[in-house]
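Here are a few exercises to work through with the model open beside you. Try each task before you read its solution.

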Amino acid sequence: CAKHAWFLRVVAEPPLRLPVRGGIPRLKLEQLQRGQGPWRAVVISSTRDGTLVDFNCEMPGLLQSDRFYVRGEEARVYCMKVDKENRVCVVSTAKELVTSLHERRKLEDLASEDNSTGLRGTVLNVTGNGVFIDVNCEVRGYVSPMDIDLNASPNGLYKGFEVTVYIKSVHLGKRQVRLSMFPTREPVKILGLKQTEGLH
């Protein structure tokens, strides 16, 4: 038990240990910073109260994910939050984009993107009505259920999953982007031009 810990976590079975190459020291909690990673991790406990992973740190990481992981399963994780006082580290399979808003692409620039090769994006949220994707734009993109390629994600889409998407339409007036996981030869539909005229 860590010297300054306020509580003790216990598991019903001996915790698994992440196989590491000889001589590699474990990370100190004080060394961790938000956004660091990825690190290889193994699930050591998975219950309704949360999932703990060993990612070669002196303290297990508390995993944040929309997906359920089973004991012994491996993943790649990023540091999301470090509470040094309580000796807790929160990790996630999704790399939090620390890009500031002014560094993100403008919606107008996205409308002129070359759509032939697609864009790499990260799943932000999965709902019954579709999926929201971060494509490093000031506006998050939306993928309808009909535009989800099941073959590209046989295990389903979840937060942090990286996908290739193609732009179907950009609505400049409503500030919306519709995406598809299927390649398309159709030019990007630009909507809402009348609402934006004369605003520059």
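A nonpolar core is a set of buried Ala, Val, Leu, Ile, Met, Phe, Trp, Tyr and Cys residues joined through side-chain atoms within 4.5 Å, where buried means under 20% relative accessible area with a 1.4 Å probe, protein chains only. The model is predicted, so local features need pLDDT of at least 70, side-chain atom pairs count only at pLDDT 80 or more, and totals for chains, interfaces and linings use all residues. Residues are numbered from 1 along each chain as its sequence is written, and side-chain values use heavy atoms, leaving out hydrogens and water.

**Exercise 1.** Find which residues of the largest nonpolar core touch the most other members.

*Solution.* Start with the core, which has 24 residues. Next, look at the elements (DSSP runs: helices H or I of at least four residues, strands E of at least two, numbered from the N terminus). Helix 1 (107-111) and strands 6 (119-127), 7 (130-134), 9 (162-171) and 10 (176-180) each supply at least two core residues. Strand 9 gives the most, with four.

**Exercise 2.** Work out how strand 10 is paired with strand 8 and strand 9.

*Solution.* Strands pair if DSSP finds at least two bridges between them. First, strand 8 (residues 141-143) runs parallel to strand 10, with three bridges; here Y142 has R178 as its bridge partner. Then take strand 9, antiparallel to strand 10 through five bridges, where V170 stands opposite V177. Last, in their hairpin, with four residues between the strands, R175 takes a positive phi near 60 degrees.

Conventions. Buried < 20%, exposed > 50% of the residue type's maximum accessible area, 1.4 Å probe, protein only.
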